[in-house]
Amino acid sequence: MDYIEMHAHMVSRTTDDYTQMALMGCAAITEPAFWAGWDRSTADGFDDYFRQLTEFEPKRAARFGIQHYTWLCLNPKEGEERDLARAVVQRIPKYLDHANVLGIGEIGLNRVTRNEIETFKDHVALALEHNQMILIHTPHLEDKHKGTRAIIQALQSFPNMDPARVSIDHAEEHTIEMILDNGFWTGLTLYPQTKVSVARAVDIIEMHGADRVYVDSACDWGHSVPAAVPQFVMEMRRRGHADALARKIVWDNPITFLGQCPKFKPPVSAHAV
Amino acid sequence: MSGTSRPKPLPAREAVDEYFIENRHRVLDVAAFLDRLDRSGGDWRSDYRMEALVRAIAVLAEPGAGRAQRIQMIFSDPTVEPKPKLDQKAARGAWDPASEKGA
Ligand SMILES: [Zn+2]
């Protein structure tokens, strides 16, 4: 089944991964700016990273027939460093006109500190000022519930924020309700251990429905699986769900959400009916 | 698919037929992990992560749905106030009540 990978850090992945993803039916990838696993020391380092995301990576993906889009920011893992965050936020606008930039992301919180919240709000203000869509990372593990609540609160402090243009990613059983009830889009991230399994993702769909929801692999330099979205489709079939429902989650919903950005060109499915 | 309709889960008997073996395996893996800790001879029960895990295991035997959500909340930080500053970069999987006392 053709699919759109809503969250993948392809700068950390190999050419073999691109090959496999293309073979599995991946037609487009959206790549949020991420933490490198170690802290970048200067804003110049971010400039190089943003050039990689806007110039180099789309060409790399195109060799496999995959569209590559990106979201720019200083990642929540680095949000504690306010001086660096301010310097990076100032540099982002000059990249926003690139053809593959969909908006600001993945912004959010890590350990839910005061500084992280300020850095998050700086990014939201930047997005709203430039009429950009927003992709949000919610914290890991024990911090997720508290962080998701704080993120929603911070977003709602901006009177002109439209939740329909914001996706709050990495939802789990205890956070999806507050995300959907407040009008946001959400992603279920399929991870081997630290987020949801494919079985739990299908459970969540059965309990909350398939509106404003997609799934993603969030594959990066850590434990993660580039084949996660096709594995989700297999689990949907194992549970007896119609392919039309799986397709809504891995194809139609991403196109509806991303289509709000005029730069997004819906890919053509080889399996369109 | 359209609207807010909820897709139906597999009928119970079919779900058991399909998923019993892999969940039997998971339960045995957890049991063996606890045995391994006992064999080590150390005090693992007072580790805040293991305290949470033991409480989570008790939820498995509770009746009614919502177990996954209840277990998520056992592992979650229940506080509301943001941390004054960053304590560590990575989450550990369970909230440490002692972390608040020093803050
Ligand atoms: Zn990510």
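Good morning. Asn253(A) lies in helix α9 of chain A, which spans residues 243–258; helices (H or I, at least four residues) and strands (E, at least two) are DSSP runs, numbered from the N terminus. This is a predicted model, in which local features need pLDDT of at least 70 and side-chain atom pairs count only at pLDDT 80 or more, while totals for chains, interfaces and linings use all residues. Residues are numbered from 1 along each chain as its sequence is written, chains are lettered from A and ligands numbered from 1 in the order in which they are written, and side-chain values use heavy atoms, with hydrogens and water left out.

Why does Asn253(A) count as buried? Its relative accessibility is 4%, and buried means under 20% relative accessible area, exposed over 50%, and partly exposed in between (1.4 Å probe, protein chains only). Leaving aside residues up to four places away in sequence, Asn253(A) touches Trp185(A), Ala210(A), Arg212(A), Val213(A) and Lys248(A); contact means heavy atoms within 4.5 Å.

Let us turn to helix α7. In this helix of chain A, residues 198–208, the buried residues include Ala201(A), Val202(A) and Ile204(A), together with Ile205(A) and Glu206(A). What do the buried residues of α7(A) pack against? Their partners in chain A are α6 (176–181), β7 (185–189), β8 (213–216), α8 (228–238) and α9. Just after α7(A) comes Gly209(A), with a positive phi of about 80 degrees.

His7(A) and His9(A) are both buried.

Finally, the two chains. Chain B and chain A each give 36 residues to the contact. Between them they bury about 3100 Å², 51% of it on carbon and sulfur atoms; buried area is the accessible area (1.4 Å probe) that two parts lose on being put together, summed over both. How many salt bridges are there between chain B and chain A? The count is five, a salt bridge being a side-chain nitrogen of Lys or Arg within 4 Å of a carboxyl oxygen of Asp or Glu. Glu18(B) forms a salt bridge with Arg238(A), with the closest N and O atoms 2.5 Å apart.
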